[in-house]
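The sequence and the structure come first, and the discussion follows.

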Amino acid sequence: MEMMVNGPEFNPLLQLMVPLGFSAYRMSCLKTWLLMAWQMTGYGSAASTTATTTTTWEMMHLMLAALNTIFWTCNTFIILPLRVVPHCIDKELYPEPSKVSWYYMIPSVNNKDKARID
C-alpha cells in the first residue's frame, strides 16, 4: 500500500494519510495495553485501598507499556509529520492543481436524452 501512493498520480495528502493512519490506528491497541498493565499492578482496582504487592514483572510490564505509549504518541504527532509533510508539499513533485491536465473521460451525470421511454 505504501509503495502504491508514492507516485505523482496521488494527491500528497493521501500520501500523508498512509503512515499517519497506521500510527493512529495502533494507538487504540496501546491504550488497551496500558490500561491492562495498570490493572495488573493492582492500582486500578477498587481493592487498592489495601496494601497491594506488585511484583517486579508487573511493574516492568507497566513501565514498558507506558514508555511504548509515550514513544508512539510522540512518533505519531511530532516526528512523523515533521518527516513526511515537507515531502508531500514539495512544489516540484506536485504542481498546482490548475496546471494538472485531465486525460480521462468523466462520466456524464445527465442522461435524460439517452434514457427516453416512448
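## Charge over a ring

A charge is taken to sit over a ring if NZ of Lys or CZ of Arg is within 6 Å of the ring centre and within 35 degrees of the ring normal. In this predicted model, the charged end of Arg 26 is placed over the ring of Trp 72, at 4.3 Å from the ring's centre.

## The aromatic pair

The count of aromatic pairs comes to 1, and the pair is formed by Phe 22 and Trp 72 in an edge-to-face arrangement, with 6.4 Å centre to centre and 70 degrees between the planes. Because Phe 22 belongs to helix 1 (residues 12–41) and Trp 72 to helix 2 (residues 56–88), the pair ties together parts that are 50 residues apart in sequence.

The two partners can also be described by their accessibility. Phe 22 has a relative accessibility of 51% and therefore counts as exposed, the cut-off for that class being over 50%. Trp 72, with a relative accessible area of 15%, is buried, since that term applies under 20%.

## Thr 76 and its surroundings

Thr 76 is also placed in helix 2, and at 3% relative accessibility this residue counts as buried. The side chain of Thr 76 reaches the backbone oxygen of Trp 72 at 2.8 Å, the residue whose ring also pairs with Phe 22.

When neighbours within four places in sequence are left aside, Thr 76 is in contact with Leu 20, Ser 23, Ala 24, Met 27 and Pro 81.

Key: Residues are numbered from 1 along each chain as its sequence is written. This is a predicted model: local features need pLDDT of at least 70, side-chain atom pairs count only at pLDDT 80 or more; totals for chains, interfaces and linings use all residues. Side-chain values use heavy atoms; hydrogens and water are left out. Rings of Phe, Tyr and Trp (its six-membered ring) pair if their centres lie within 6.5 Å; planes under 30 degrees apart count as stacked, over 60 as edge-to-face and the rest as tilted. Helices (H or I, at least four residues) and strands (E, at least two) are DSSP runs, numbered from the N terminus. Buried means under 20% relative accessible area, exposed over 50%, partly exposed in between (1.4 Å probe, protein chains only). A polar contact is a pair of N or O atoms within 3.5 Å; within protein, one must be able to donate a hydrogen and the other to accept it, and residues adjacent in sequence count only if both atoms are side-chain atoms. Contact means heavy atoms within 4.5 Å.
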